[in-house]
Amino acid sequence: MSEPYHGYSFPHNRLKRRLTHPNKTPLVLVSCGSFSPPTSLHMSMFSVAESYAERTGFELVGSYMSPCSDTYGKSSLVPAHHRINMCRLAIEQTNSNAMIDDWETLRRDEAGRPVYTRTADVLKRLDEQLNDVLGGIQTLDGTFVRARVMLLIGADLALTMSDPKVWAPADIDVLLGYYGAFIVERPALCATQDAIQPLKKYHDNIMVVPSFQNDVSSTKARAQIRNGEVAQDLPRSVYDYIKLHHLYQSAPSKDRHVDKNGKPDLEMVSPRLPVASHR
Ligand SMILES: Nc1ncnc2c1ncn2[C@@H]1O[C@H](COP(=O)(O)OP(=O)(O)OP(=O)(O)O)[C@@H](O)[C@H]1O
Ligand SMILES: NC(=O)c1ccc[n+]([C@@H]2O[C@H](COP(=O)(O)O)[C@@H](O)[C@H]2O)c1
């Protein structure tokens, strides 16, 4: 899983290589998503999770956005280079410390075709890069420890994790049993309890981050753009980029998702259709 790609290097420019507080566990948060487009809520998820994490014995040393490959099969995905450019603008506009890892979008099979990467493999590779290649994080006494890598997701995505058609149970063991997740509430899409109750065996590795009532989503932003409205929930520079490149002008066709093994699956229900009233 560590194939090199021309021009790619693992981003770590904003990784805090040394802890500033004694007795804290270094934490790296990884947000995997479509980011089509990135909204202001995608960005504020990092800050709400950080405030929460720092009250619970962690020190956030790095935040990553990992946009999924174009092969994920959601018809709402604009090409990865646009999604990456928009993530970059969103980071600049919101003064975020997040880094973009575009490895998922660059991976290719032997024939040079883009491939989908399951989220468990994204976390395993980030863990390897941070802790084995870079050597971890230095503590105040000068020793190096492994950073704790955890997933940052919304409750709506957590709700899909108990569906074995969408997530292989073995991957959930890796993601929630080994790594763990910060789950940000998303009351407009689902009740937090419905999302976490089926995952209760991973309780010790799940942090539920309270959020405020909001109906911010990429779906809503795309609909506003299509209707010629101003999408208030996007960073201004992202909105301007969308206008400049005439993105999201037409209605998406039916989604063609990948299954739990990363293979296109025409039969699979979109993970969040049952709970998303606004799409
Ligand atoms: N408003 C929000 N509150 C909490 N989590 C969110 C919010 N918006 C996005 N997320 C989370 O961010 C991650 C990436 O989401 P994604 O890029 O698919 O955005 P989305 O708004 O859910 O997209 P779409 O509307 O296109 O399905 C997911 O874990 C999702 O749950
Ligand atoms: N089996 C899996 O690894 C799996 C299943 C569903 C979604 N995901 C990931 O979750 C993220 C968000 O997906 P949605 O845009 O469908 O909410 C994406 O990065 C996607 O790759 C992974």
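Below is a short chat about a predicted protein model.

Reader: What should I know about the numbering and the model before we start?

Author: Residues are numbered from 1 along each chain as its sequence is written, and chains are lettered from A and ligands numbered from 1 in the order in which they are written.

Reader: Okay. How many helices and strands are in the protein?

Author: Nine helices and eight strands. These are DSSP runs, numbered from the N terminus: helices are H or I with at least four residues, strands are E with at least two.

Reader: And what share of the residues is buried?

Author: Of the 279 residues, 53% count as buried. Buried means under 20% relative accessible area, exposed means over 50%, and partly exposed is in between (1.4 Å probe, protein chains only).

Reader: Which residues touch the most other members in the largest nonpolar core?

Author: Met 161, Leu 175 and Leu 176, in a core of 40 residues. A nonpolar core is a set of buried Ala, Val, Leu, Ile, Met, Phe, Trp, Tyr and Cys residues joined through side-chain atoms within 4.5 Å.

Reader: Which elements give two or more residues to this core?

Author: Strands β1 (25-33), β2 (58-67), β6 (148-154) and β7 (181-184) do, along with helices α4 (119-133), α5 (155-160), α6 (169-179) and α7 (192-196). Apart from this core lies another one of 36 residues, including Tyr 52, Val 78, Ile 100 and Leu 234.

Reader: Back to Leu 175, what does it touch?

Author: Leaving out residues up to four places away in sequence, Leu 175 touches Thr 119, Ala 120, Leu 123, Leu 151, Met 161, Trp 167 and Gly 180. A contact here means heavy atoms within 4.5 Å.

Reader: Switching topic: how many aromatic pairs are there?

Author: Five. Rings of Phe, Tyr and Trp (its six-membered ring) pair if their centres lie within 6.5 Å; planes under 30 degrees apart count as stacked, over 60 as edge-to-face and the rest as tilted. One of the pairs is Phe 10 with Tyr 64, stacked at 5.5 Å centre to centre with 25° between the planes. Phe 10 sits in the segment before β1 and Tyr 64 in strand β2, 54 residues apart.

Reader: Are those two buried or exposed?

Author: Phe 10 counts as buried at 9% relative accessibility, and Tyr 64 counts as buried at 0%. Another pair, Tyr 52 and Phe 182, is edge-to-face, with 6.5 Å centre to centre and 85° between the planes. Tyr 52 lies in helix α1 (residues 40-54) and Phe 182 in strand β7, so this pair ties together parts that are 130 residues apart in sequence.

Reader: Which residues do ring pairs link into a cluster?

Author: Tyr 52, Phe 58 and Phe 182.

Reader: And Val 78, where does it lie?

Author: In the loop between β2 and α2 (80-93). Val 78 is buried, with a relative accessible area of 10%. Beyond its neighbours within four places in sequence, Val 78 is in contact with Ser 36, Asp 70, Arg 83, Met 86, Leu 247 and Tyr 248.

Reader: Last one: what does His 42 touch?

Author: Not counting residues up to four places away in sequence, His 42 touches Phe 35, Pro 37 and Ser 218. His 42 lies in helix α1 and is buried, with a relative accessible area of 19%.

Note on methods
Predicted model: local features only at pLDDT ≥ 70, side-chain atom pairs only at ≥ 80, totals over all residues. Heavy atoms only, no water.
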